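Please look through the sequence and the structure below before reading on. The report that follows takes up a few regions in turn.

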Amino acid sequence: MNVGIVTVAEGRVYNLSLSLKELREVEVKVLRFLAERGEKSRLSDILAETGLEHAAVVKSLAWLEDKGLVSIESIKLEYLSLTDEGKRYASSGFPERILLSFLVEKGGEATLKDVFEAGILPESIVNIAIGWARRKGWIDVLKTDGKTTLRVLSPSPTRGSDEVLLVFLWEKDRVKRSELPEELAPAIDLLYKRNLLEKQSETEILAQITSSGIKVLESGVEVDEGVSLLTPDLIRTQAWRNVKLRRFNVEAPVKPVYPGKLHPVVQLINEIREIFLSIGFEEIRGPLVESAFWNFDALFTPQDHPAREMHDTFYLKKPSIVKLPDEGLVYRVAKTHENGWETGSKGWGYTWNAELAQQAILRTHTTATTIRHLAEHRTPPVKVFSVDRVYRNERVDYKHLAEFHQIEGIIVDKNVTLRDLMGVLREFYWKLGVKKVQFWPSFFPYTEPSIQSTVYVEKYKAWVELCGAGIFRPEVTVPLGVKIPVLAWGGGFERIAMLRLGLDDIRDLYRNSLGWLRQIPVIL
Ligand code: PHE
């Protein structure tokens with residue numbers, strides 16, 4: 001039976017002669033449910049009460065809407081909840097509160113040193129606490145002859161809206177934005193910026209039967225199964241010619257799924273591996289705990305080089321020393337530092353100290369790993385790379401981490417030149433999607449000539465430094481017994497990751513915020 005129906009939906013006029021045979025069982029069930037309800041129904045209620053599958057209902061609704069039999073509205077709902085850090089604050093109090101109570105207890109005043117020594121807050125949080133206490137007008141910071149004193153201005157300030165919201169969310173776990181008391185709304189951004197609050201958005205679908213829908217139901221519905229899956233059998237037996245194939249609506253909304261997937265950092269590292277492997281490189285790895293010998297001395301970095309200082313390099317207590325390689329090599333490196341040995345150089349002109357070379361450190365660059373490899377693989381051609389972790393004693397901020405990754409490599413072969421090096425780097429970045437690369441002269445104690453590469457980033461409208469490179473000096477290669485050119489490079493991984501993932505804060509790569517991880521594609 002056919003019913004001619006004119007429907008107006010979203011301003012479009014459909015004049016459709018709808019064959020009721022086109023309705024499938026699920027669609028009829030959904031339509032009947034909506035007819036019974038009369039009013040707008042949430043998707044979640046339709047699901048709960050019909051017991052139908054989510055995907056099937058969503059698909060049916062989209063189809064029914066398309067035919068003008070139901071009208072659909074989708075509204076975005078925002079939910080708020082605390083991050084792990086937010087939960088920590090909720091149970092222990094804001095750090096600025098903890099600081100304030102301490103100062104009040106000390107009679108209204110204490111030095112910065114006192115605060116650190118009292119251990120009331122983790123060291124990394126003290127400055128944050130001071131910043132906020134000051135911003136909130138609770139304390140004043142006075143600097144007199146090298147001493148910093150914190151003085152209480154307001155000993156028992158009332159709880160701010162940020163504190164009230166924090167506790168509110170802590171008690172409720174997850175709150176719909178629209179159900180939040182109005183006076184707390186301004187505090188949302190405050191907590192969000194401090195990374196204490198997470199926002200999640202969900203779409204709520206509301207469906208209601210239209211008058212056409214009611215007419216169709218009233219005219220009596222026959223259910224047609226239709227065929228939505230084209231099977232090999234249908235093709236083989238030619239039955240497909242006679243069955244009614246249903247259209248797929250690939251745009252129908254479905255419930256998001258969050259399957260397990262590789263972390264974006266791991267995905268990118270794998271991508272970098274693939275690129276190097278595809279151009280004939282082999283991957284190498286080396287120890288994270290290194291001797292200063294491989295990290296610095298073997299690279300002709302003088303023993304009083306500023307990079308060796310405590311504030312750049314992490315020195316270890318346990319183990320505090322790492323065994324040096326064979327005596328012959330140590331001798332040749334020592335003499336090269338002292339007077340150039342047989343490298344043609346004059347050396348640095350000081351007395352080389354074996355104890356300094358034995359010091360155990362966390363490697364500060366993966367050049368320690370390539371030079372180790374070179375010492376044992378001197379027969380050309382050698383083409384190796386590494387993408388691995390390095391450590392520097394940096395103050396962590398939006399641009400710096402103390403633990404990060406470097407992309408490193410060497411090429412050892414007769415007759416290779418700086419041009420080859422630039423070509424390989426350009427090719428590598430190109431394959432990674434970075435198209436505009438420039439090279440500049442630079443300096444490293446272990447390469448001559450030395451260059452650095454910068455890439456143009458549209459978003460920042462600026463050139464960003466990517467890696468250092470060059471040809472190892474004879475002072476580096478000759479003591480190892482290598483007499484042919486060694487092209488070397490090493491540079492940051494996180495910068496590239498940030499560009500690819502559109503992040504402005506390096507820490508976001510490792511915060512593992514679930515919201516962020518979920519919206520990262522399964523395959524980048
Ligand atoms: N090791 C240097 C760095 O950490 C980079 C570099 C590697 C430079 C190899 C030249 C050759 O910045």
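P319 lies in the loop that runs between α13 (292-295) and α14 (327-339), and the peptide bond leading from K318 to P319 is cis, with omega near 0 degrees. The model discussed here is a predicted one.

F300, although it is not a glycine, has a positive phi of about 55 degrees, and F300 is found in the loop between α13 and α14. W341 is likewise not a glycine and has a positive phi of about 45 degrees, and W341 sits in the loop between α14 and α15 (354-358). Are these two residues, F300 and W341, buried or partly exposed? F300 counts as buried because its relative accessibility is 4%, which falls under the 20% limit for that class, whereas W341, with a relative accessible area of 25%, is partly exposed.

## A four-stranded open sheet

Four strands form an open sheet with antiparallel pairing, and their order across the sheet is β3-β9-β4-β8. The edge strands are β3 (41-42) and β8 (174-176), each of which pairs on one side only. In general, the strands of a sheet pair through backbone hydrogen bonds, and the pairing may be parallel or antiparallel. Between β3 and β9 (residues 197-209) the antiparallel pairing extends over two bridges, and S41 stands opposite A207 in β9.

K176 counts as buried because its relative accessibility is 18%, and buried means under 20%. Leaving aside residues up to four places away in sequence, K176 touches R42, L77, E78 and Y79.

Which residues of helix α7 (residues 123-135) are buried? They are I125, V126, A129, I130, W132 and A133. These buried residues pack against several helices, namely α4 (84-92), α5 (95-105), α6 (112-118) and α9 (185-193), and also against the strands β6 (139-144) and β7 (147-152).

Just after α7, G137 takes a positive phi of about 75 degrees. The strands β6 and β7 pair in the antiparallel sense over six bridges, and the bridge partner of I139 is V152, in β7. These strands form a hairpin with two residues between them, and in this hairpin G146 takes a positive phi near 75 degrees.

In soluble globular proteins, nonpolar side chains tend to be buried together.

Setting aside neighbours within four places in sequence, Y429 is in contact with V434, V437, S453, L466, C467 and I496. S453 is placed in strand β16 (residues 447-457) and is buried, with a relative accessible area of 1%. Not counting residues up to four places away in sequence, S453 touches Y429, V437, Q438, F439, V464, E465, L466 and C467. For S453 and V437, which are 16 residues apart in sequence, the distance in space is 6.6 Å from C-alpha to C-alpha.

## The ligand and its neighbours

Which of the 13 residues around the ligand come nearest? They are H365, T367, R392, Q406 and Y446. An N or O atom in the side chain of H365 is 3.0 Å from a nitrogen atom of the ligand, and an N or O atom in the side chain of T367 is 2.9 Å from a ligand nitrogen atom. In R392, a polar side-chain atom lies 3.1 Å from an oxygen atom of the ligand. On its own the ligand has 320 Å² of accessible area, and the protein covers 90% of this.

Notes
Residues numbered from 1 in each chain as written. Predicted model: local features only at pLDDT ≥ 70, side-chain atom pairs only at ≥ 80, totals over all residues. Heavy atoms only, no water. Pairing = 2+ DSSP bridges. Buried < 20%, exposed > 50% of the residue type's maximum accessible area, 1.4 Å probe, protein only. Contact = heavy atoms within 4.5 Å. Near = heavy atom within 4 Å. Polar contact = N/O pair within 3.5 Å; in protein donor to acceptor, adjacent residues only side chain to side chain. Areas by Shrake-Rupley, 256 points an atom, 1.4 Å probe, with all protein chains shown as cover.
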